[in-house]
Amino acid sequence: MATVRLKKGFDIRLLGEITDKVIGDVPAPNTVAVIPDDFHGIIPRMEKKEGEHVAAGEPLYHDKNHEAIKVVAPVSGTVKEVRRGERRHIDAIIIAPDGDKDSITHNIMGDAEQVLLQSGLWAMMRQRPYDVVPTPGIRPRDVFVTAFDSAPLAPDLDVVLGDKRQFIAKGVEVLNGLTDGKVYIGVRDGQSIDAPGAEVTTFIGPHPAGNVGVQAANTAPVNKGDVVWTMDIVTLARIGELFTTGKVSHDTVVAITGEMVQQPRYIKTVMGADLQTVLKHETTNLAQSRIISGNVLTGVKVEADQWLLAPYRHITVIPENNKPDEFMGWASFKPSRFSIYRTFTTWLGGLSKARSFDSRIKGGERAIVRTGEYDAMLPMDIYGEFLIKAIISGDIDKMEQLGIYEIAPEDFALAEFADTSKLELQRIVREGLDRLRAEMS
């Protein structure tokens, strides 16, 4: 087993960590929703209408450009609402579960790619370049799988996996048949994965060591013309389960974390469950809380009447600070103030201590200054500041030369946290990737 040591990055410690790996139960959700924006690169075309019955695993919609790509219902029930926003954009497909175990069984003896497309698991994988749902018919050079999450308060994927670990080997076997290269699995130090047929690499270092793109860049970098697939170990196990049982399990283990959670813990629910059910009796003061579906770096702010978003394994609840003004601002000598760069005296007590963070940005946008901040937070062989500038200016040639094909927005999330310019780096990267994809198609 190869070992890669990463020095760049930073581990952000927040209050609200889970200390007990016991998985609790919550009531069955009142509603379950599929959010099309969770599957970037797909233009949805509905196959079900409001009021129609749908079985678990039955397609709700397909991609306009690749009809074979299906996104399926995680539960059986009735399509309660197809919620649309501006320009008839589909914001959510809401299902009222009926409690039945009615589910679709797939013929796993057929073509593996077609089985994945029909099952909905294809939409849970990502392709680089562009960080989108993979294009059917293109064999990837390699497949990269991350077996751990290093983001703040992130769940232990070994706990999320549970008894699905038994399907990892089958998942590797299936993916080996779909790539001309190798299946790489990245693990943390001390983690054990039984995955014959895969090349396992141990990654030691701070966040973003758990990002699959960082692991790929330090194993077999993506160059222009290459196509690779990426996913987490949970998706890999779901693929193995599908090709073992013929069914896709849409159950999921979710970590409920954060300072505003009474007792941070793991719970078992279903993909897309409504947050009112999931968070009932979990938070100390919901009115003064910010709910994030995901982690604080890459997650999405959601309201209590919304749903769990992909990848369906993490909820963070932190204080919502509605008073942005603070006496003396950055010049305050308040001992609890935090800075990576030792701007305040907090570092004397150690930066690895768990601290309270609220939702404030604490600053406004400024011009980019060449300080090396991005590079210090990005353990990849690219020049982050120059790449961001090339994306903002729309210079496609420079974007290609500076490595845009191997990145995703999440790779710049930590740099965004550390950025003194307060730029929305993830949004900039996402827009750059979409622009490049449109130019190349």
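Reply: A salt bridge here is a side-chain nitrogen of Lys or Arg within 4 Å of a carboxyl oxygen of Asp or Glu. The model is a predicted one. Under that rule arginine 360 forms a salt bridge with aspartate 358, and their closest N and O atoms are 2.9 Å apart.

Me: Is arginine 360 buried, partly exposed or exposed?

Reply: Buried means under 20% relative accessible area and exposed means over 50%, with partly exposed in between. Arginine 360 has 22% relative accessibility, so its class is partly exposed.

Me: How many salt bridges does the rule count?

Reply: Side chains of opposite charge can pair when their charged atoms come close. Applied to this model, the rule gives a count of 23 salt bridges.

Me: Which parts of the chain does the pair of glutamate 400 and lysine 224 tie together, and how many residues apart are they in sequence?

Reply: The side chains of these two residues meet in a salt bridge, 3.2 Å from N to O. Glutamate 400 belongs to helix H9 (residues 396-401), while lysine 224 sits in the loop between H4 and strand E14 (228-232), so the parts tied together are 176 residues apart in sequence.

Me: Which helix holds both arginine 427 and glutamate 431?

Reply: Their side chains meet in a salt bridge at 3.2 Å, N to O. Arginine 427 is partly exposed at 39% relative accessibility, and glutamate 431 is partly exposed at 38%. The two residues are four apart, about one turn of the helix, and both lie in H11 (residues 425-440).

Me: How far apart are the centres of domain 1 and domain 2?

Reply: The domain assignment places domain 1 at 2-245 and domain 2 at 361-440. Taken over C-alpha atoms, their centres are separated by 25 Å.

Me: What area do domain 1 and domain 2 bury between them?

Reply: The size of an interface is often given as the accessible area lost when the parts come together. Contact involves 23 residues of domain 1 and 22 residues of domain 2. Carbon and sulfur atoms carry 59% of the buried area, which comes to about 2100 Å².

Me: Which helix gives the most to the side of domain 1 that touches domain 2?

Reply: There are four salt bridges between the two domains, and 11 residue pairs are in polar contact across the interface. With four residues, the helix that gives the most to this side of domain 1 is H4 (residues 212-217).

Me: How far apart in space are threonine 19 and glutamine 263?

Reply: Threonine 19 is in the loop between strand E1 (2-5) and strand E2 (23-25), and at 70% relative accessibility it counts as exposed. Threonine 19 and glutamine 263 are 244 residues apart in sequence, and their C-alpha to C-alpha distance is 9.4 Å.

Terms used: Residues numbered from 1 in each chain as written. Predicted model: local features only at pLDDT ≥ 70, side-chain atom pairs only at ≥ 80, totals over all residues. Heavy atoms only, no water. Domains from an automatic or database assignment. Contact = heavy atoms within 4.5 Å. Buried area = accessible area lost by both parts, 1.4 Å probe. Polar contact = N/O pair within 3.5 Å; in protein donor to acceptor, adjacent residues only side chain to side chain. Buried < 20%, exposed > 50% of the residue type's maximum accessible area, 1.4 Å probe, protein only.
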